[in-house]
Amino acid sequence: MNDIADTEKDVAAQEERLVFSTFSEDDAWDLGQRLVGRALTHEAKVVINIRTPNRTLFHAALPGSAPDNDMWARRKSNVVFHFHRSSYAIELEHRRKGRTIGPEIGLDLKDFADHGGSFPVRIKGAGVFAAITVSGLASADDHGLIVAVLEAYLAQ
């Protein structure tokens, strides 16, 4: 298998494994704080956002992040809500297929970005409820930050 296909397989396994039984505002706050802590430890200049399609549950703009990171976070989380998959999974699929977000697939670049860093909050038996997004690092690193925190959180 090639690198993209291997990574796609790994991301699909993460999405299948990292599923919540319930998700509340308290969970969003706790996860957000954990993401902030991990980002600060790594001196990551990122924005962290957890939201439903119509409500922000957690938001933090860490030192060194820029307003542009807020826009990227919104665009990446829109990908999660549209495809019900992580934005990194969509980035990898599009890279493998030689396409990207744009009019040819009916999505506007102003509102959608197929770059890693947004992960679905999937509730078992109910589907995608929210998106956890990190913006400011490379795609794989934004994605990896979220996955590392989710793995520890859901292992409790």
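Tutor: Let us begin with a strand pairing, in which I50 stands opposite F58 in β2. Please keep in mind that this is a predicted model, in which local features need pLDDT of at least 70 and side-chain atom pairs count only at pLDDT 80 or more, while totals for chains, interfaces and linings use all residues. Residues are numbered from 1 along each chain as its sequence is written, and side-chain values use heavy atoms, with hydrogens and water left out.

Student: In which sense do β1 and strand β2 pair, and over how many bridges?

Tutor: Strands (E, at least two residues) and helices (H or I, at least four) are DSSP runs numbered from the N terminus, and two strands pair if DSSP finds at least two bridges between them. A hairpin of two residues joins β1 to β2. For β1 and β2 (residues 55–61), the pairing is antiparallel, over six bridges.

Student: Which residue of β4 stands opposite I48?

Tutor: β1 also pairs with strand β4 (residues 127–135), in the antiparallel sense and over five bridges. In that pairing, the residue opposite I48 is V134.

Student: How many of the six residues of strand β1 are buried?

Tutor: Buried means under 20% relative accessible area, exposed over 50% and partly exposed in between, with a 1.4 Å probe and protein chains only. In a regular strand the side chains alternate between the two faces of the sheet. Both faces of β1 are covered, with V47, N49 and R51 buried on one side and I48, I50 and T52 on the other. Strand β1 (residues 47–52) is therefore largely enclosed by the rest of the structure, the buried count being six of the six.

Student: Which residues are exposed on the other side of α2?

Tutor: In α2, the buried residues are D27, A28, L31, G32, L35, V36 and A39. They cover an arc of only 165 degrees, taken from the directions from the helix axis to the C-beta atoms, which puts them on the same side of α2. What covers them, by contact (heavy atoms within 4.5 Å), includes β1, β2, β4 and α5. On the other side, the exposed residues are D26, W29 and T41.

Student: How far apart in sequence are the parts that F20 and Y153 tie together?

Tutor: F20 lies in the loop between α1 (3–17) and α2 (25–41), whereas Y153 lies in helix α5 (residues 139–154). Both F20 and Y153 are buried. The parts that this pair ties together are apart in sequence by 133 residues.
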